[in-house]
Amino acid sequence: MTACAERLSSANRVLVIGCSGGGKSTLAQALSPKLNLPYISMDRAFFWLPGWKLRERSQIRSMVADAVQEDRWIMDGTGHATLDLRLPRAEALIWIRLPRLLCLTRVVLRWIRYAGRSRPEMTEGCPEKIDLEFLRYIWNFEKKQARDIIDGLAKYGPDVPVFVLDSRGDADALLALLERRDTD
């Protein structure tokens, strides 16, 4: 975690990716003030319109392309279809890779917590929901999505440092290291 904390301390543009329920938004929001980087939620900023209406792909790509041109940001969201836009601009990538049962549990708990409401990192008018398709996506994430991420990293960000967090303890340790750095 020390290498990750050191790299993040000087990074101007950071991606936080991983499976739904892994804690991408929670970590990115906690890192944002510590690193003095504006937080961007891909779900809220690019993907969803009220009523769970997905923006058109061309509009998403255009918005992402504009956003990544900013000098400083921390962006959470996996969105492998836009890795070609985000990775070349990123200076560090945090990949949260928690066990799928933990991700599923966290999604269910999040659904209970935000029942009938939109969570803060989601577009207003998109109340928290769970359906079978979403649960399958989480269950199969490592099998189906990880390969696309690895391919995208090799193709669009071979020089971007990648830091894998595979437990909540890793995220807590990273935040603690950055906290100590702030108080030194």
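Does Glu 128 count as buried or exposed?

Modeller: Glu 128 counts as buried, at 7% relative accessibility; here buried means under 20% relative accessible area, exposed means over 50%, and partly exposed is in between, with a 1.4 Å probe and protein chains only. This is a predicted model, in which local features need pLDDT of at least 70 and side-chain atom pairs count only at pLDDT 80 or more, whereas totals for chains, interfaces and linings use all residues. Residues are numbered from 1 along each chain as its sequence is written, and side-chain values use heavy atoms, with hydrogens and water left out.

Glu 128 sits in the loop between H6 and H7. Helices (H or I, at least four residues) and strands (E, at least two) are DSSP runs, numbered from the N terminus. The side chain of Glu 128 is joined to that of Arg 119 by a polar contact of 2.7 Å. A polar contact is a pair of N or O atoms within 3.5 Å; within protein, one must be able to donate a hydrogen and the other to accept it, and residues adjacent in sequence count only if both atoms are side-chain atoms.

Cys 126 is buried too, at 0% relative accessibility. The cysteine sulfur closest to that of Cys 126 belongs to Cys 19, and at 19 Å it is too far for a bond. Cys 103 is likewise buried at 0%, and its closest cysteine sulfur, again in Cys 19, is 4.3 Å away, too far for a bond. A disulfide is a pair of cysteine sulfur atoms within 2.5 Å, and by this rule the count is zero.

Cys 103 and Cys 19 also turn up in the lining of the largest cavity. Rolling a probe the size of a water molecule over the atoms shows where empty space is left. On a 1 Å grid over the protein atoms alone, a cavity is a set of points where a 1.4 Å probe fits but cannot get out; a pocket is an open set with protein on both sides within 12 Å along at least five of seven lines; lining residues have an atom within 4 Å of a point. Grid points are joined across faces, edges and corners, and a volume is the space filled by probe spheres set on the points.

The structure holds two cavities of 30 Å³ or more. The largest cavity has about 60 Å³ of space, and its lining includes at least two residues each from H6 and from helix H8 (141-156). That lining divides into seven nonpolar residues, no polar ones and three charged ones; Ala, Val, Leu, Ile, Met, Phe, Trp, Tyr, Cys and Pro count as nonpolar, Asp, Glu, Lys and Arg as charged, and the others, Gly among them, as polar. The second largest cavity has about 40 Å³, and among the residues lining it are Gly 22, Arg 106 and Ala 171. Its lining has four nonpolar, two polar and two charged residues.

The largest pocket holds about 1300 Å³ of space. It is lined by 44 residues, and the closest to its centre are Ser 20, Asp 43, Trp 48, Phe 134 and Tyr 137. Helices H2 (24-35), H3 (42-47), H4 (57-68), H6 (100-113) and H7 (132-139) each supply at least two residues of this lining, and H6 gives the most, with five. By type, the pocket lining has 15 nonpolar, 14 polar and 15 charged residues.

Among the strands, E1 (residues 13-18) is mostly covered, with six of its six residues buried. Arg 13, Leu 15 and Ile 17 point one way from E1, and Val 14, Val 16 and Gly 18 the other way. Two strands pair if DSSP finds at least two bridges between them. E1 runs parallel to strand E5 (residues 73-76), joined by four bridges, with Val 14 partnered by Ile 74. E1 also pairs in the parallel sense with strand E6 (residues 92-96) over five bridges, and there Ile 17 stands opposite Trp 95.

Two loop residues remain. Asn 36, in the loop between H2 and strand E2 (39-41), has a positive phi near 55 degrees though it is not glycine. Asn 36 is exposed, at 56% relative accessible area. Trp 52, in the loop between strand E3 (48-49) and strand E4 (53-54), also has a positive phi, of about 60 degrees, and is not a glycine.
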